[in-house]
Amino acid sequence: MTSLAKLSQYGKGFQLKVLGALLTDKKFVLNTRDLLRSEYFDSDAHKWIVETIVKYFDKYHTTITMDILKVELQKVENDILQTAVKSELRGCYESTQEDLAYVQEEFTTFAKNQELKTALLNSADLLNQGDFDGIRGLIERAMRAGMDKSIGHDYNKDIESRYRQDYRPVIPTPWPILNTTIGGGWGPGDLAIMFGNPGGGKSWTMVAAAGHAVQLGYNVNFYTLELGEDYVGKRFDCYFTGFPIEEVNKHRADVEKIVNKLKGKLIVKEYPPKGASVSTIKAHIQKCIDMDHKPDLVIIDYVDYLKPPSKSRFSERKDEIDDVFIATKGLAKELQIPILTPSQVNRMGAKDQVIEGDKAAGSYDKMMVADICLSLSRVKEDKVLGTGRIHVMKNRYGMDGMTWDAKVDTNNGHIEILGSMMLDSSSDKPTGNYKEIANKFFEMENKSPF
């Protein structure tokens with residue numbers, strides 16, 4: 001392993017990226033803690049930042065926050081140093097994420113070489129004393145420095161980490177009542193499935209989830225294995241403008257006006273059914289990252305249409321589906337990105353007013369892999385009235401089993417969850433009738449169809 005002799009030879013941009021990683025990446029701090037030396041940095045501001053990071057990490061076992069840095073900075077009596085630190089901290093947080101893996105690896109190599117050099121210099125006196133065991137101990141400690149020390153969540157030490165508000169940074173859904181139920185929204189590594197009957201509006205819920213995230217400023221990759229890219233794009237036009245799918249062509253100017261104001265970025269990529277695998281999706285995501293588009297949310301419409309990752313032939317369709325969903329969950333965990341997908345229910349589930357977990361088509365085991373499972377049930381009366389019911393089938397982050405009334409417009413993807421629906425104790429059917437539910441919807445607009 002070779003490296004440059006001094007950290008200053010790497011340039012200021014490299015050093016800012018190192019400091020930025022130390023400020024935000026707990027694993028990087030953990031692995032380099034025994035290597036971190038403020039004297040590697042020439043700038044007094046950089047030295048102060050490193051010393052503050054180390055001091056905080058040693059006590060709380062996690063990265064220091066911006067709020068704590070502001071407090072510590074107020075304690076600096078030297079006005080010149082305080083101003084310099086403020087400027088450098090701004091540069092650290094604004095430093096680009098490009099080549100970050102290389103920067104972390106190169107800094108670790110540099111620091112390990114510095115540690116080894118120090119051990120060799122300190123061995124001179126031990127050599128004169130004939131203390132070969134002492135020399136061996138110094139060299140072994142130097143060689144072990146910088147090794148991967150992440151053994152998981154240390155329950156005794158990581159109290160600060162698990163009680164921070166951003167311990168599970170989430171992307172909110174368009175539905176506040178659902179956000180409250182699932183811990184705020186879609187979280188890193190989550191796999192969420194929306195079950196429903198054919199033509200019931202599952203894909204439109206995916207459009208709503210993606211469109212809402214883009215409006216909030218998140219980057220979204222939408223993979224379609226059923227519809228064409230252009231048509232999916234038209235669906236997003238409908239969602240953002242509110243115009244129905246059959247009229248949106250007349251409102252191109254409105255579409256362009258709204259799209260230009262979106263805070264996030266949306267990529268729609270089409271693959272034929274069984275024409276892509278989880279590896280294909282991963283390769284495309286990496287291509288997007290290389291082109292400065294790192295997705296915060298991934299939607300695959302449908303995961304059931306992906307090729308299985310294993311080359312072995314499956315005796316049953318169920319085994320193939322299980323393999324695909326397990327690989328998709330693995331991708332979400334590896335990239336720490338939430339992945340959403342719709343999925344069909346079987347023939348019996350298509351007739352139910354509330355779709356339960358046992359009606360999943362293909363394989364019930366896909367629910368075991370997922371973190372959040374929802375269902376959208378819409379029988380023929382619902383499709384006429386624009387109504388439906390959303391049921392929480394599974395939820396790793398809170399309660400499940402709730403069923404909510406929903407107003408569903410499959411012309412523009414506007415879906416509204418109105419609140420909890422009570423179930424009749426003598427059956428699994430919702431109380432009330434379609435006329436009452438529809439009237440409740442239209443009363444909100446001071447008009448009723450009945």
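**Group meeting: loops, a buried helix and a cavity**

Gln336 sits in the loop between α14 and β5. Let me start there. Keep in mind that this is a predicted model. Gln336 is not a glycine, yet its phi is positive, about 55°.

Lys274 lies in the loop between β3 (266-270) and α13 (278-290). Its relative accessible area is 32%, so Lys274 is partly exposed.

One more backbone point. The peptide bond from Asp301 to Tyr302 is cis, and omega is near 15°. Tyr302 is in the loop that links β4 (297-301) and α14 (317-335).

Now the overall picture. The protein has 450 residues, and 47% of them are buried. It contains 17 helices and nine strands. Take the contacts with a separation of 6 or more: 67% of them are between residues 24 or more positions apart. The exposed surface comes to about 23600 Å², with 51% of it from carbon and sulfur atoms.

Next, helix α1, residues 12-24. From first C-alpha to last it reaches 18 Å, close to the 18 Å expected for its 13 residues. How many of those residues are buried? The count is 10 of 13, so α1 is mostly covered. Among the buried ones are Phe14, Leu16, Val18, Leu19 and Leu22. Gln15 and Lys17 are buried too. What do they pack against? The buried residues of α1 meet α2 (26-32), α3 (44-60), α4 (66-74), α5 (79-94) and α6 (100-128).

On to the strands. β8 covers residues 403-409, and five of its seven residues are buried, so the rest of the structure largely encloses it. Its partner is β7, residues 387-395. The two run antiparallel, joined by five bridges. Across that pairing, Ile390 stands opposite Trp404 in β8.

Which elements each supply at least two residues of its lining? They are β1 (191-196), α10 (202-215) and β5 (339-344). The lining of this largest cavity includes Trp175, Trp186, Met194, Met206 and Leu374. Ala192, Ile193, Thr205, Ala209, Leu340 and Thr341 also line it.

That is the tour. Over to you.

Notes:
Residues numbered from 1 in each chain as written. Predicted model: local features only at pLDDT ≥ 70, side-chain atom pairs only at ≥ 80, totals over all residues. Heavy atoms only, no water. Helix = DSSP H or I, 4+ residues; strand = E, 2+ residues; numbered from the N terminus. Expected span 1.5 Å × (residues − 1). Buried < 20%, exposed > 50% of the residue type's maximum accessible area, 1.4 Å probe, protein only. Contact = heavy atoms within 4.5 Å. Areas by Shrake-Rupley, 256 points an atom, 1.4 Å probe, with all protein chains shown as cover. Pairing = 2+ DSSP bridges. 1 Å grid on protein atoms, 1.4 Å probe; cavity = no way out; pocket = protein on both sides within 12 Å on 5 of 7 lines; lining within 4 Å.
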